[in-house]
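Here is my note on the structure shown below. Please read it with the view open, as the points go from one part to the next.

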Amino acid sequence: MFENFIASLMTVEGFAFYLFSILTIGLFLVTVLSKNILYAMTSLAAGMILISGFFFILGADFLGVIQIIVYVGAIMALYAFAMMFFDATRNIKENNTNAPLVFILGGLSALMLVMMFAAPIHSDAIVALYPMTEGVGNVQDVGMVLFTKYLIPFEVAALMLLVAMISGIILAGKKMDNSLTEDTSADDEILITKDEK
Amino acid sequence: MESLVYVALFAPFVGSLFASLFGMSERQIFVGVVASLLLFISFLASALLAANLYITGDVIHITMMDWISAGDFNVAFGFVVDQISVTMMTVVTLVSTIVHIYAIGYMDHDKSFNRFFSYLSAFVFSMMILVMSDNFLGLFIGWEGVGVCSWLLVGFWYHKPDQDRKDNPSISPSWAANEAFIMNRIADLGMLVGIFILYWNTGSLQYDEVFAKLPELSESVLVGAAIALFIGAMGKSAQFPLHTWLTDAMEGPTPVSALIHAATMVTAGVFLVVRSNPLYSMEEVAGVSMFIASLGTFVAFYAASMALVERDLKRIIAYSTLSQLGYMFAAAGLGAYWIALFHLAAHAFFKALLFLGGGNVMHAMHDELDLFKMGDLRKKMRGTWLYMGFASIALVGLPPLAGFWSKDAIIETAFNEHTYILWIMLVITAGMTAFYSFRQVFLSFHGEDRHTALGFHPHEMYKFVLAAMFPLAVLALITGWFMSSYKEFIYKIGESVQYEMSDHTHHLAIYLALMVIFIVLSSITFAYFKYARTGEKAWKRDEEKEQGFFYKLLINQYYVPKFYEEFITKPYAMISEVFWTKIDLKIVDATVDNIAKFFYATGDKTRSMQTGNLSNYLNWMAVGAMILLGVAAISAMIGLGGIDG
Amino acid sequence: MIGLSHYLILSAILFSIGLVGILRRRNILMLLFATEIMLNATNIAFVAISDNYGDLTGQMFAFYIIAIAASEVAVGLGLLIVLYKRHGSLDLDDLASMRG
C-alpha cells in the first residue's frame, strides 16, 4: 500500500495529483472556515486554479482553460465587486451553534461517499457514448461533440446565461444610484415598506 | 304486436318520468291527467294483446336487447305475453288507470301531488316488468322495483311523527315503510336463493328452458328451489309469518293501498307460484304444494279472525286482502292454478273498489278511520255506500258477483282434493269474511249517527272520482260470468295449469255452493242485527267484552307484532348497540381517528422545524440527503452481494 | 498509479468540505462560495470518469455545470444586493421572516 503510494508519488502525474489535492483541500478548508471573507475569496480563487490543474492532468485541456477563465476571470471578479459593494472586509459575526452536527454530517457524508467510490466498479457494460477521437486535440474533439450532439443544450445554456445576465443587471442595477431605468417607483415602494418595519 | 308490448310496458315509465319532472313543484293537475292517460294507453295496449291472444292463441316472445353476457351466463331483456302474463297485465293496468284517476281527486289537497304520481307510475312500470319478463332475473328486477315503489309510497307521508303502538299499531308511515321493506328483503333472499338453485342446476334463467329441464333434476334440488321461491312469494304476498307489514302498510295513501297492497303487488307472490306451476305441480314437490295450500288456508282463517274485532276501516280491508291471498295460495297449492289466477283478477277488481270506497270515507271523515266514530254515513255518502256495499257483496261471495264464482271454485277445489280440513276452514272463513265485511259496512254506513257529535261533517267525494270507480263496480259484477271462457283461454298454456273437478264433486257442487251461501247469508244477517239497527236496539260499545281473552288476543294480532318486537327487534337493537359502542366506536372509528390524530400530532410537533432560518433548513436537508445516501449505499451493498453470491 | 478512485475520493472530500461550509456559515456570500466548491467537486468527478471511459459526455456535463455556476453567481449576487439594501445585513439569522 505504502510502496504503491511512494511509487505513484514518483511519477509526474502522481506527484501532481497529490500536490494539487493537498493544496486544494487546504485552500477550500480555509474558504469554509475563515472568518475573513477576503481570505475566503482569495483561497477559493486559488483552489479553482488548482482544480484546473486536475483537468489538465486528466487531459481535458479545454475545460481547464475554461475553468480558469470562467471561475477566476469572471466569477471571482464578480465576487470581488460584490464584496466591495457589501463592505465585506468587515467581519460578520456568525454564531455557529451546532458545530458538532455540522462536522458530523460533513464527515459522515465524506465517509459514505468515499466508501461508495472506493468500492470496485463491477459493471463492464459501460460503453462510451461519444468516444474521444484518436489523433485529435482535446479542443477540437470537444468542439466537434459540443456543436453536433450537444448543440441544442448549448444554445439553451447560452439563453440561460443571457437570462442570468439580464436578471443580474436588473436586480443589482436598479438599486444603484444611477438607475438604468428612469422608473424608480419600485424602489420607493421597497423603501416605504422598509420604513414601515 | 311487438310495438304494442313496448307501449304497454313503457307508457307507465314515460308517465313516471314526466311526473318526476314536476316532482318538486306545485301541484299541477295535468301531471295526474297525463299519467292517467298514459296508463290508459298502456291498458288499451294490454287489452289489445289479450284480445289478440284470445283470438289467435299466439304467444308473443320478444327480446329487447342483450342484458348480461358474461361467459356462459347470458340473460336478455326478454318479454313474454302469454295467457298468464296478459291476465296480470290487463288487471294491473286497468286497476292502475282507475286508481290514478281516483288519486287526482283523493290527493287533491296534498302538496306532493306530482311526486305521488311519479312514484305510482313507476310502480306500474315495475309491476309490468315483473309480470312480462320471460326470465327469473327480469322478474326479480321487477320484484325489487315494486318493493322500492311500495316503500316510497307507504312512507309517502314520511313527515308524520312516530306514535306509540297503543295509539297507532303501525307507529308511523316511515316506520311502516321500513318494516315492509325489511321484511320483503328477508323474503327476497329466499327468492334469490331459489333463482340461484335453478340456475345452478339448469344453466338458464329463461322460464321455458328452466321448466323444460325440471324432470331431469333430483328431488332435493326441486324441493329446495320450490321452498326458496315460495319464501319470496310469502314475503311479497304477506303470508304468515311475514304478514305483519301488510296491515301496517295501510299508513300509505289509500290509492296506494288499493293499487299496491290489495290489487297488484301483493298478488305477485301468487303470480310467482302460478308462473312456476311446472315446478310446483311436479310429483316430487307435492309436499311443498300441500304446505302452500295449508299455509294459505291458515292465513285465510287467521287474517279473517283478526278482522272480526278490528276498528280501523283500512286495516279491516287489509286483513281481508290477507285472507283472500290465503285463498289464492290454497288454490295454487292444490294445483288449481287457473282458479288462483282467476280469483286474483276478480279480487283485484272488488278489493280495489272496496279500498277506494274506504278512501272516500277517510277523505270525508278527515282521515279518521275508527268505525266506532262513524255510523249512518249512507245518507251523506250515497254513492260510496253503494259501491262499498256492492264490493262487500262481491267479496263475501254472493252470486252473481265476481267473488262468488272464484271463491266458490277454490272451496270446491279443497273438497275435490279430499282435504276436508282445509275445506272446512275455508268455509268457516267465508262465513267470517261475510261477518266482518258487513260489520264494517253497517258500522260505518248504518246504525246510529255517532260522527256528528264528534264534530265530523262528512261530504261526498267528487263526481269524477265516483265515475272513475264505476268500471270497477261493473267488473266486480261481471267478471265471474266469464269464468268458463277464461278457463278455455288459459287452458291453451298446457296441461300443467289445467284443473278439473271430479264428477263426484261436480254433482255435489250445487249443494256445496248453497251451503256456503247459506252460511254467508246468516253471517250477514247476524251482523245486521248486531250493528245496523237504530233506536233502542242500536249497537252499544261493550267495554267489558273488550277485556275478554279472545278479544284482546285478536285485537293485538295474536301478539305477533309484539313478539317480533320483543324477540327480534329489541335484541337486534341491543346487539347493534353493542356493535356500535364497542366495535364501531372503539375499534373502527378509533383506528381512523388515531391515524388522523397521529398525523396531526406529528405536524404539531414538527412545526418547530419551521424556524424560518435557512441554515436550519439546510441542516435538515443535509440530514435527509445523508439518509438517502445511506439507503443507496445499503441497497447497493445488498445488490452487490446478490451479484457476487 | 493514480486511478479513477483517487479522483472520486478527492471529489467526495471536496464535496463534503463544501457541505460543511453550507451548513456552518451564516453569511450568505459564504454559502455561495461553498456552493462553488461543491460544484467544482462534482466537476472533478465528471472529468475523471470521462477520462476513465474515454468518453466526452462527462466533459460536456462539466461545461454545463460551469455555465450553471456562472448564471447562479450572477442571479445570486443580484439577489444579495437587493437583500442587503432591504436588511443591511447578509446574516441568515436575521432573515427568519418565514417562521412557521
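1. Chain C and chain B bury about 930 Å² between them, with 57% of that area on carbon and sulfur atoms. Buried area here is the accessible area, taken with a 1.4 Å probe, that two parts lose on being put together, summed over both. Helix 1 (residues 4–24) of chain C gives the largest share of the side of chain C that touches chain B, three residues. Helices (H or I, at least four residues) and strands (E, at least two) are DSSP runs, numbered from the N terminus.

2. A word on the source. This is a predicted model, in which local features need pLDDT of at least 70 and side-chain atom pairs count only at pLDDT 80 or more, while totals for chains, interfaces and linings use all residues. Residues are numbered from 1 along each chain as its sequence is written, chains are lettered from A and ligands numbered from 1 in the order in which they are written, and side-chain values use heavy atoms, with hydrogens and water left out.

3. How many residues of chain C are in contact with chain B? The count is 13 residues of chain C against 11 residues of chain B, where contact means heavy atoms within 4.5 Å. One residue pair is in polar contact between chain C and chain B, both at pLDDT 80 or more. A polar contact is a pair of N or O atoms within 3.5 Å; within protein, one must be able to donate a hydrogen and the other to accept it, and residues adjacent in sequence count only if both atoms are side-chain atoms.

4. Chain A and chain C bury about 7,300 Å² between them, 74% of it on carbon and sulfur atoms. L58(A), Y79(A) and F86(A) supply 10% of the area that chain A buries against chain C, more than any other three residues. In this interface 85 residues of chain A are in contact with 69 residues of chain C. The count of salt bridges between chain A and chain C is zero, and 11 residue pairs are in polar contact (both at pLDDT 80 or more).

5. S71(C) lies in helix 3 (residues 57–87) of chain C. Is S71(C) buried or exposed? S71(C) counts as buried because its relative accessibility is 7%; buried means under 20% relative accessible area, exposed over 50% and partly exposed in between (1.4 Å probe, protein chains only). Leaving aside neighbours within four places in sequence, S71(C) is in contact with M160(A), L161(A) and A164(A).

6. Chain B has 24 helices and two strands. Of its 645 residues, 57% count as buried. Among contacts in chain B between residues at least 6 apart in sequence, 81% join residues at least 24 apart.

7. Strand 1 (residues 60–70) and strand 2 (residues 73–81) of chain B run antiparallel and are joined by nine bridges; two strands pair if DSSP finds at least two bridges between them. The bridge partner of S69(B) is N74(B), and that of I62(B) is F79(B). The two strands form a hairpin with two residues between them, and G71(B) in the turn has a positive phi of about 65°. In strand 2 of chain B, eight of the nine residues are buried.

Conventions
Salt bridge = Lys/Arg side-chain N within 4 Å of Asp/Glu carboxyl O.
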